Structures are given as C-alpha cells and as structure tokens.
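Please open the model in your viewer and follow the stops below in order, selecting each residue as it is named.

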Amino acid sequence: MHVDIVPVGEVSAQVKREASDGLRSVYDCEVSMHEPQSVPAGAYDGDRDQYRAEEFIDLARRVGSGGKNIAITPKDLFYRRRNYVFGLAYLGGSGSVISTYRLQTSSDGGFSNRSAGEIFSQRVRKEVVHEVGHTLGLEHCDNKRCVMNFSPTVRQVDVKEVSLCGSCQRNVL
C-alpha cells in the first residue's frame, strides 16, 4: 500500500515526520510527501469560523498519488452538525484528512508525565493511523485502547495506543 500525505496550509516538518512514521509503523506501507497545497476554495464557513472537512478529503483524493491519500492541515475542521472533528475519512475511500488544530492542547490532563510536544506527536500519529484505517474499511472499535476507537476529545485520544487491536488488525491485513 502507498499512502501520500498532502500538507494543506503551513504544516511543520515535525507533523509530517510523525504522520509518516505512524503510518509506516502500523501499516508497514510506503509513504510519500506531496507538495504543499493551498486551502481548498469554498472550504471556509464564515458563520462557524471553521473549514469543511470534506473539502480537504476531496483535495487529497484529487491531488494525492497514493492508493490512499491523507490531507494534514492546521485549520479547524467541522463536519455537518459536529462542533469539530480531529479528522474525517469515508469508509473504503481513497481520501482522508486530519487537523492538528485541536490536538495542540498543552497537556493530557495528568494522564502521563510526557511533555506537551510528545503528547502532540502521539496525537498526530494516532489520528493519521485512525483515518487511514477508515479508508481501509475499518469502523470504530469498542476497545478503548485501539487506535480505531471513536475519540471525540483529546483525553480519549490520549488513552488510545498508536496501534490496532488484534481484531482490527485481522480485519485489515
């Protein structure tokens, strides 16, 4: 499998590296880094002061060179009636997106003694692996430690591991 990471807007080298390393470690796949892209025209919703996540998925799918393509952006994303999303993917699709905007809180609420930088790096890895998992056909998992567990808060993201549980791993490989 080949995953092309599509940076949209100003994405740091650290975020690109963490995303790439996370995908390689969990899916043992080829990862490429696309040229940075501009925010899709029409993605911004002025009433919400946020960006439509599906516009970023469409961009990743259009410009990405992989069998799976994931946009990464620092913009605050939403989907339909949800207040925000960390990421979004269509089950079995070729495109997905994650936003680092809400992953950058200062701590994990005392869950560990790791630095804010380490916590942020782990969140990026988890969200990239999670969204690409959806493109591979994986649904949300009930196992709270599995990277495919639904996590609407950063605290729930922090509880997860950066790996698939045995059941999810069997379903994807």
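**A loop residue, then a histidine site**

In this predicted model, begin by selecting N83, which, once residues up to four places away in sequence are set aside, touches R48, Q50 and F78. The loop that holds N83 runs between β6 (77-78) and β7 (87-89), and the residue counts as exposed because its relative accessible area is 61%, where exposed means over 50%.

Next, select H130, H134 and H140, which UniProt lists under "binding site" in an unreviewed entry. In the model, H130, H134 and H140 are included in the lining of the largest pocket.

Centre the view on H130, within helix α3 (residues 116-135). Is H130 buried or exposed? Its relative accessibility is 4%, so H130 counts as buried. Showing its surroundings, and leaving out residues up to four places away in sequence, you will find H130 touching H140, V147, M148, N149 and K160.

Apart from its neighbours within four places in sequence, H140 is in contact with H130, H134, M148, N149 and F150.

Finally, display the side chains of H140 and H130 together: a polar contact of 3.3 Å joins them.

Conventions: Residues are numbered from 1 along each chain as its sequence is written. This is a predicted model: local features need pLDDT of at least 70, side-chain atom pairs count only at pLDDT 80 or more; totals for chains, interfaces and linings use all residues. Side-chain values use heavy atoms; hydrogens and water are left out. UniProt positions are given in the numbering used here, feature names are shortened, and annotations may be inferred rather than shown by experiment. On a 1 Å grid over the protein atoms alone, a cavity is a set of points where a 1.4 Å probe fits but cannot get out, and a pocket is an open set with protein on both sides within 12 Å along at least five of seven lines; lining residues have an atom within 4 Å of a point. Helices (H or I, at least four residues) and strands (E, at least two) are DSSP runs, numbered from the N terminus. Buried means under 20% relative accessible area, exposed over 50%, partly exposed in between (1.4 Å probe, protein chains only). Contact means heavy atoms within 4.5 Å. A polar contact is a pair of N or O atoms within 3.5 Å; within protein, one must be able to donate a hydrogen and the other to accept it, and residues adjacent in sequence count only if both atoms are side-chain atoms.
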